[in-house]
Amino acid sequence: EKPAPPAPAEPPLRGSVEFGVRHVRGDVYGRPDLPFAPDPITSKFNEYSDYRSGFVVPRFSANFDDILGSKNYVSLQSQSTFYKNQSYLATFGRYGKFKIQFRYDETPHTYTNTSRSLYVQTSPGVYVILPATKQILQDRSSTVCATPPCTAAQINISLPGFIAAQVVPGENFIVPAIQRKAGTGLASWDITPDWNASILFSRENEVGTRPIGLLFNPSPSASASSQSSGVFNQQSPGTGAEVPEPIDYFNNTVKVMAGYGKKHWGVQLGYTGSFLQNNINALLFDNPFATADVPVLTFAPGASGCTGAARCSIGAVPARGQVDLYPGNHAHYLNFAGAFDLGKYVRVMGTVNPGWLRQNDAFLPYSANSQIFFPDSTGALTIPATTLSLLPAASLNGQKQTLAMNWTLIANPVKNVQFAAKYRHYDYNNNTPVFTLMPILGDTIGANAAATAQLTPGDPTVTSGSGSTQTTLGRSNPGFNKKTFEVSGDWFLAKRSSVKVGWEGEWFDRTHRDAAHSFENSVFAAADLSPHKDLLFRFAYRRSNRKPDMYEDEASAGLECDPTALATARTAGIFPTDHPCGRRFDEAARLLNRADATLQYNLQKFTFTGGFQTIQADYNRPGGTNSATPLNFLTGAAATTGPYYLYGALKDLSYIYSFDASYALSPEVSLFAEYTHERYHKRMISRNRSPFATSAPFCSAGGCDSANNDWESTYRDIFDTYAAGVDLYLGKKVYLTTYYSLSAGKGNVFSRFLGDPTRLTAGDPDKFVLLGTSAALPYPETTTRIHELVAVFKFKLTKNLMPKLEYRYQQFDNQDFQTSPMTPYMGCISPATGTAVIGCPVRQLTGSTSPSPTFTASPFYPGFVVGDTSAARYIFLGADQPSYRVHVFTATLEYRF
Amino acid sequence: AAGEREQATKSPPAQAASQPKSAGAADGDYVGTETCLGCHEDQNRRYKNTVMGKVMARPRTALEARGCESCHGPGRAHVEAGGSKETIPIRFGKDSNNSIEEQNATCLACHARGNRLFWKGSPHESRAMACVDCHQVKQEIQRAVSGDVRYSAPLTENKGVKKSQPELCLQCHQMRRAQLQRSSHMPYREGKVTCTSCHNPHGTPNPKQLIQSTTNENCLTCHTERRGPFLWEHPPVMENCANCHEAHGTNNPQLLKVRMPRVCDTCHVASRHPTTPTLLNAIRDFNRGCTNCHSTLHGSNHPSGNKFLR
C-alpha cells in the first residue's frame with residue numbers, strides 16, 4: 001500500500017520575547033539596634049540576582065534556520081537583559097558541521113547591606129582613615145581613661161563605649177559586593193562525523209569588594225596579654241580592622257580540544273590554560289589606632305607602671321597594615337583520553353592529565369612597620385623590616401606539577417554480566433623552591449619583659465612575653481600521591497534490575513603532613529530491583545576502613561599517643577606544641593559506613609519517590625594510631641559512657657529522609673509535594689592547653705596540660721524542607737501555577753567540660769581552668785528559614801501573545817549568633833563581671849570563676865551581645881545578612897514569532 | 001553501498017558487547033522514512049524542529065540516512081503487520097520491550113564520542129539508566145511553568161532533555177534539592193551554576209563524575225585565586241576543598257560544613273587559643289570567627305604570612 005502523503009507542516013516559531021514591568025517592595029527586619037533601615041534590594045534576597053523595579057526583559061530567544069538560503073542557522077538567547085544578572089548566548093553554525101558561539105554572563109554577589117566603614121579607598125588597594133579620626137582613636141586607646149595614667153585594662157573598658165557612641169555614627173555606608181562579567185567564545189567544528197575540534201576562550205572580570213578581617217599584629221588581644229597588667233598603656237599593639245577587600249581579577253581561560261572516534265576506538269586530546277591576573281595584589285590599610293609607626297617601647301622597673309625587677313616592654317605598632325592579596329597565577333593542563341574495544345567483550349579506557357601550576361608575584365616586605373629592624377653585618381638592628389632586600393628571593397617562583405591518570409577495563413564475559421577494574425593515580429608535586437624566612441608577626445618582636453630593646457628577628461633563643469618563639473622558618477612543600485584501585489561486578493538480572501558488588505583500595509601518601517601513608521579498604525554493593533515497570537527500588541551500601549601506618553605530628557615532640565608515656569613526659573616538664581593524640585580528621589583512622597535507599601513508583605497519574613541516606617564516619621577507634629585506652633580524665637561511668645581515644649573529630653553522622661510526589665487530578669490539574677528531613681551530627685573533643693616551663697608545670701601560672709580540661713563540642717544541624725504546589729492548565733488557554741516552599745534550618749553548637757570542675761587548688765597538676773570566659777558553653781541556636789510563595793498566571797491571548805502575571809513573596813528569617821548582633825564595633829561589649837562599661841547598660845557575663853556562667857539578655861538577640869574586651873582595638877564592618885520580606889510583582893507579555 | 005551498509009549495521013565503539021538490535025538487518029528490511037511518515041506525521045512535525053531532526057535532515061552517514069529507522073530499526077515487519085508497537089524493533093522508554101542496554105546502544109551508535117566516551121562503566125550506566133530517562137528526541141524541552149519559577153536555568157542550546165537543570169537531576173538526587181534551598185549556597189537557584197558545571201552525568205573517570213580530575217581542580221576552575229602555589233600552603237586546603245566546605249549548600253557562612261571556630265578547632269588541637277572553648281563573645285567566635293584574623297587561610301604569599309594573618 002502506498003502511504004498517504006504527509007500533511008503540510010506548520011511553519012515553526014522563530015522565537016519569543018517576554019517583556020514587561022516589575023515592582024519590588026519589602027523590608028528588612030530583626031535589627032532594631034541599627035540606626036538605619038537596610039535596603040531590601042541589597043539584602044540577601046539579591047545575593048546572586050538583581051530584582052529591581054522597572055522595565056524587564058526576562059527572556060528572549062530567536063532561531064533562524066537556513067539563513068540567506070544557506071544551510072546555516074543563527075540562535076540568539078538572553079535572560080534578565082539590562083540587569084546585573086544578565087546572560088546572552090549567540091550561536092552561528094550548521095547542524096552537524098560547525099558552531100561558533102558567544103556567551104556573555106554577569107553574576108552579582110552581594111555580601112551584606114549593613115556595613116559601615118571608616119575607610120576610604122584612595123587608590124586601588126589603599127584604604128585610609130581621616131588623620132583626625134586616627135588621632136582621636138589613638139588618644140582614646142592609649143592615654144584616655146577615667147583615672148590616668150591608664151593601663152591597658154582600664155582603656156579596654158573605656159574605649160568601646162567611645163567608639164560605639166562617637167566614631168561609628170560617622171562611618172560611611174558601604175555595600176560589599178562583587179560582580180562577575182564573563183565573555184566566552186567557542187568554535188567547534190565537526191571536521192568529519194568522526195572528528196571534532198573545538199577552541200574556547202573565556203575572559204572573566206571579577207570586580208568589587210568583600211569583607212576581610214585583618215590584624216596589625218599577631219593577636220587582637222595582644223594589648224591584654226603581652227604586657228604586665230600594671231604597665232601604663234603608652235601604645236597598644238593589639239589592633240585589627242575588617243575592611244572591604246578590593247577585588248579586580250581577570251580570569252582568562254583557553255581550551256583546545258580535538259576528538260576522533262571510529263567504530264572500536266576513540267581518542268581525545270586537549271589543552272586547558274587558566275590565567276589569573278590580579279590587578280590589586282596588595283592591600284595597604286591605615287591602623288585606626290596609630291598615626292605613626294611606633295617602635296618597641298621599654299620601661300625600666302618602676303617607670304610607667306612597670307612593676308617588679310625586670311624591664312617591661314610593649315611591642316611595635318605599625319601605622320599601616322599590609323597584606324598580600326591572592327597572587328596572580330596560571331595553570332596548564334593537558335588532556336589525553338582514549339577508549340578502545342579489545343575484541344568483542346572488553347573495552348579499555350584511559351586518561352592522562354598532566355598539569356603545571358605557576359605563581360611568581362613579587363613578594364611584599366616582612367612588615368610595613370618602618371620601626372622594626374633587622375640586624376646588619378655587625379649585628380646592630382639597623383635595617384628596617386620594610387626592606388625588600390632582606391628577603392631570600394624577590395618572588396616565590398612557585399611550581400607545582402600534577403598528574404592524573406585513570407585506567408579502566410570493562411569486560412562483558414557473558415550476557416548481562418559486566419566486570420570493571422579501575423585504577424586511578426593522582427600525583428600532586430610541589431616543586432616550589434624552599435628557603436628560610438624570618439616572619440615578623442608584629443608585637444612579638446619586642447614584647448619581652450626581659451628585653452632592653454627590640455628582639456632580634458630570627459633569633460631562636462629569645463622568647464616573647466606571651467611565650468611564642470621568634471625563629472626562622474623554613475617553608476615546607478606539602479604534596480601528596482593517591483592511588484585507587486577498584487574492581488566491581490554487575491549482574492543485570494532483568495530490565496532495570498541489577499546487582500553490583502565491588503572492592504576498592506586507596507593508598508594515600510603525603511609529604512609534610514602527619515600521616516605519611518594510609519590505606520583505605522572499601523567494599524560496596526548496590527542493587528536495583530524493578531519488580532514492575534512502574535516500581536523501582538534502589539539500594540547501595542559502602543563500608544570503608546582507613547588506617548594510617550603511623551600518625552606523627554612533627555610538633556608533638558616525638559611522643560606517642562599513650563596516656564602513661566604522656567604522664568611521664570608531663571612530669572618531666574615536656575610540653576609538645578601539638579597534643580600527641582590530636583588527629584586531623586582527613587588523615588586519621590576512620591570507619592565509614594554509607595547507605596542509600598530509594599523507592600520510585602511511577603504510575604500514569606501518580607509519581608512517588610522516597611529516599612533515605614545515612615553517612616556515618618567514626619574516628620573514635622581504640623588502638624592503632626589512636627590511644628589504646630580512653631583519654632578521659634574522669635573514670636567510671638563518666639568515662640565509659642563516652643570514652644574517647646583521640647583529640648579532634650570523633651563522629652560525623654548524617655541521616656536524610658526525603659520524598660516527593662505528584663498527582664494529576666485530571667489532564668488540567670496536577671499537584672506536587674516534597675519533603676526532606678536532614679540531621680547532621682558531629683562530635684569533637686579538645687583539650688585546653690597552654691605551655692608550661694619545666695620549673696613551673698601543671699596548671700600553675702606557667703601553663704596547663706591536663707585531661708581535666710578536656711572539653712567536648714557537638715555540632716547539630718537539622719533541616720526540614722517542604723514544598724507543595726498546584727499546576728492548572730485550563731482549556732489550553734490558561735496556565736496557573738502556584739507553590740509554597742519552606743527551607744527551615746537550625747543549628748546548634750553544644751559544648752561542655754568533661755573533667756572535674758571542683759579541682760581548683762593552685763598548683764594542682766590537674767587544676768580545672770575552664771572557667772568564666774574560658775568556659776565550655778553552648779552557643780545560641782542559629783535559625784534560618786526561607787519561605788517562598790509564588791503564583792504565576794498565564795493566558796494565551798492569541799497564538800502569539802501570552803500575558804503573564806507573577807507574584808513572588810520571599811521571606812528570610814535569620815538569627816545567627818555570629819553576625820546578627822554585629823555592628824561596626826562589637827555591639828555593646830562588657831567585661832566578664834562586675835565592672836561598668838561606658839556606653840553599655842548591662843554586663844553580659846556573670847561568674848568569672850564559674851564553669852557555667854550565664855548571660856544577661858540582649859534586646860535583639862536574647863542572651864547574647866558580642867564583644868571581646870581583650871580585643872577592644874578591632875573595628876569591624878558590621879556585616880550581617882538580616883531577615884527580610886520581599887514582594888515582587890511582575891507583569892509581562894510573551895510574544896512568539 | 002556495501003561499505004555504507006557495513007557502517008550502518010556495525011556496532012559502535014562504546015557498545016561492542018551490546019550492539020543495537022538493528023545490527024545485522026538486511027537492506028531490504030528497511031522501508032524508508034517516507035513510509036514511516038505515512039502514519040507518523042505528527043511525530044515528525046515535532047521531531048523535525050529539534051536539533052537532531054535538523055541534523056538528520058542532512059544526513060552525513062549511512063546510518064543517519066536511515067531516518068526513523070536509524071534509531072527504531074528496520075520497519076518492514078512493522079509495516080507489514082499494519083502497525084502495532086510490538087513490531088517496532090527498537091522502542092524507548094519504560095514501556096519498551098528492549099533492554100536498557102539495547103536502547104542505549106542505539107543512541108551511542110552516534111553519540112559515543114565527546115563527553116560520552118566514558119559512559120561504559122559509569123555510575124549511571126551501571127545503575128541501568130537509559131538515555132531516554134533524561135533525554136527526549138521527538139520534541140524540544142518545554143519549560144514547565146512551575147519549574148521555570150522555582151529554579152532559573154542557565155542559557156543553553158541543549159534542548160533535548162526532559163527538564164531544565166537542576167530539576168532534571170533533582171528528580172533522583174532529592175537530598176540535593178533540599179541542599180540547594182539552603183541560605184549559604186552557590187548561585188544554583190539563580191541559574192548561574194548548575195549540576196553539569198561540575199559533573200558529567202555521562203561518566204568520567206574522576207571521583208563523583210567530576211569534570212576535572214579532583215574536587216580541588218573542579219572548584220579552582222572558578223575560584224582561581226585560591227589555586228596558588230603559595231609561599232605558605234595550608235595542606236588540608238590544598239588537598240581537598242570538601243574537607244571544610246559543602247559545595248551543594250549549608251546554613252553556615254561560606255558553605256562551611258561546620259561553623260567557625262569549630263571547623264578549625266576540629267583539627268587544631270594544639271595549644272593556646274584554638275584549644276580554649278571561649279565564650280561566644282570572644283573575637284574568634286563572632287563575626288568571621290577565626291578568619292577575623294586568619295583571613296588568608298587558603299594560602300598566603302606574604303613573607304610573614306606563616307600564620308595566615310596577612
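## A tour of chains A and B

Start with the largest nonpolar core, which has 28 residues; select Tyr366(A), Leu437(A), Leu231(B) and Met260(B), the members that touch the most others. Keep in mind throughout that the model is predicted.

**Chain B as a whole**

Select chain B and colour by secondary structure. The chain has 17 helices and 0 strands. Of its 310 residues, 59% are buried. Its accessible surface is about 11,500 Å², and carbon and sulfur atoms hold 55% of that. Among the contacts in chain B with a separation of 6 or more, 52% are between residues 24 or more positions apart.

**The interface**

Now show both chains and select the residues in contact. Chain B puts 141 residues into the contact and chain A puts in 233 residues. Together the two chains bury about 14,800 Å², with 54% of this area on carbon and sulfur atoms. Polar contacts across the interface link 70 residue pairs, counting those with both residues at pLDDT 80 or more. Between chain B and chain A there are 16 salt bridges, while the structure over all chains holds 63.

Select Arg182(B) and Glu678(A): their side chains form a salt bridge with an N to O distance of 2.3 Å. Then go to Asp65(A) and Lys54(B), a salt bridge whose closest N and O atoms are 2.8 Å apart. The pair joins two chains, because Asp65(A) is in the loop between β2 (54-64) and β3 (73-81) of chain A and Lys54(B) is in helix α4 (residues 51-57) of chain B. On the chain A side, Asp65(A) is partly exposed at a relative accessible area of 24%. On the chain B side, Lys54(B) is buried, with a value of 15% for its relative accessible area.

**Salt bridges within chain A**

Next, select Glu18(A), Arg59(A), Glu788(A), Lys804(A), Glu806(A) and Arg808(A), which are linked in a network of salt bridges. One pair to zoom in on is Arg808(A) with Glu806(A), where the closest N and O atoms are 3.3 Å apart. Arg808(A) has a relative accessibility of 8% and counts as buried. Glu806(A) is buried as well, with a relative accessible area of 13%.

The next stops concern the backbone. Stay in chain A and select Asn397(A), a residue other than glycine whose phi is positive, near 55°. Asn397(A) sits in the loop between β21 (381-384) and β22 (398-411). Its relative accessible area is 35%, so Asn397(A) is partly exposed.

Bring chain B back and select Gln209(B). Gln209(B) is not a glycine, yet its phi is positive at about 55°. The residue lies in the loop between α14 (195-198) and α15 of chain B. Is Gln209(B) buried or exposed? At a relative accessible area of 10%, Gln209(B) is buried.

**Cis peptide bonds**

Finish in chain B at two proline residues. Select Gln165(B) and Pro166(B), which are joined by a cis peptide bond with omega of about 0°. Pro166(B) is in the loop between α11 (145-150) and α12 (167-170). Then select Gly228(B) and Pro229(B): the peptide bond between them is also cis, and omega is near 5°. Where is Pro229(B) in chain B? Pro229(B) is found in the loop between α15 (215-219) and α16 (235-239).

Conventions:
Residues numbered from 1 in each chain as written. Chains lettered and ligands numbered in written order. Heavy atoms only, no water. Helix = DSSP H or I, 4+ residues; strand = E, 2+ residues; numbered from the N terminus. Buried < 20%, exposed > 50% of the residue type's maximum accessible area, 1.4 Å probe, protein only. Contact = heavy atoms within 4.5 Å. Areas by Shrake-Rupley, 256 points an atom, 1.4 Å probe, with all protein chains shown as cover. Core = buried A, V, L, I, M, F, W, Y, C linked by side-chain atoms within 4.5 Å. Buried area = accessible area lost by both parts, 1.4 Å probe. Salt bridge = Lys/Arg side-chain N within 4 Å of Asp/Glu carboxyl O. Polar contact = N/O pair within 3.5 Å; in protein donor to acceptor, adjacent residues only side chain to side chain.
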